[in-house]
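Hi everyone, thanks for coming. Let me walk you through a structure that may be new to you, and please keep it in view while I talk.

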Amino acid sequence: MSISNYSKDNGCKDMKYDFDHVISRKNTSCIKWDGVKAVFGTSDAIPMWIADMDMPIAKPITDAIKERMKHNIFGYPLHNPKSVVESVMYRMHKLYSWEIKPEWIILTPGIIPALYASVRAFSRPGDDIILQGPVYHPFWSAIKDNGCHISENRLLLNDDHYEINFDDLNTKFEKRDGRPPTPSRARLLILCSPHNPVGRVWTKYELTKIGEITTRNGAIIVSDEVHSELLFPNVNHVPIVSGGVKML
Ligand SMILES: Cc1ncc(COP(=O)(O)O)c(C=O)c1O
């Protein structure tokens, strides 16, 4: 049995989405709706606090899951199934003309576990890790829960949009005495690109500047680009690596 028919764009190209059909998610153990009272103290609130959809998942995805279920055995899968690797490579090439190698791809159960694993892999307890607040809350906990120190390069609100404070970013890499382990400085920057919640799609200029400052200081960027395909028309997302920042 194979799911390779669903790799690349097969089945998705001419798909029509129905955003008007309302499916109630109440009483389905769904944190967004069934957790409303616990979060807001009342059940009478519209839960807009979590990026969880109220529309059905794309049909090619449910079709592939149904096809897989027919097999009736759900044992350990290969680490990097060929169809998934090929789909990721194809999509990165199609969207960004970015050629990626199969060995660069590591599958994880979600982005949050990947964030935690990255913090553990590339820093030691006590290190500074930079984030750009206000930002998606698990960025903060991934740093704190792994015994690291949050170094906030706060975004600047200029009129109606946010910008990066590059002067402050530079200072975040300065060596600080007295904080173990030595040398005590930022080893990692966790980037949110495009940025949740401020809604900025960082420009190539901004990304290049972040890349220059970070690599000049021997640090690593972990870039969460989950929102890269949720854009207004005529806005382009640039994966930070494709913009010339060297990969590990
Ligand atoms: C920036 C960002 N990263 C990650 C996630 C969640 O990713 P996952 O569901 O894969 O853990 C979200 C969801 O809102 C998000 O906004």
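Let's start with β5, helix α8 (residues 204–216) and β6, which together form a right-handed β-α-β unit. Right-handed here says that, with the strands pointing away from the viewer, the path from the first strand over the helix to the second runs clockwise. The names follow DSSP runs numbered from the N terminus, with helices being H or I of at least four residues and strands being E of at least two.

Before going on, a word on the source: this is a predicted model, where local features need pLDDT of at least 70 and side-chain atom pairs count only at pLDDT 80 or more, while totals for chains, interfaces and linings use all residues. Residues are numbered from 1 along each chain as its sequence is written.

Now, the sheet. What is the order of its strands? It is an open sheet of 4 strands, running β2-β1-β5-β6 with parallel pairing; two strands pair if DSSP finds at least two bridges between them. At the edges sit β2 (149–152) and β6 (220–224), each pairing on one side only. On average, neighbouring strands of this sheet are turned by 25° against each other, direction ignored.

Look at β5 with its partners. Strand β1 (residues 128–131) is joined to β5 (residues 186–192) by 4 bridges, and isoleucine 129 stands opposite leucine 188 in β5. Between β5 and β6 there are 5 bridges, again in the parallel sense, and there leucine 189 faces isoleucine 221 in β6.

Helix α5 (residues 111–122) lies across β1, β5 and β6, at about 175° to β6.

Finally, the ligand. Around the ligand are Ala51, Gly110, Ile111, Ile112, Tyr136, Cys192, Asn196, Asp224 and Val226, where near is a C-beta atom, placed from the backbone, within 6 Å. This shell divides into 6 nonpolar, 2 polar and 1 charged, counting Ala, Val, Leu, Ile, Met, Phe, Trp, Tyr, Cys and Pro as nonpolar, Asp, Glu, Lys and Arg as charged, and the others, Gly among them, as polar.

Definitions and conventions:
Axes fitted to C-alpha atoms, helices over the stretch in contact; angles between N-to-C directions. Contact = placed C-beta atoms within 7 Å.
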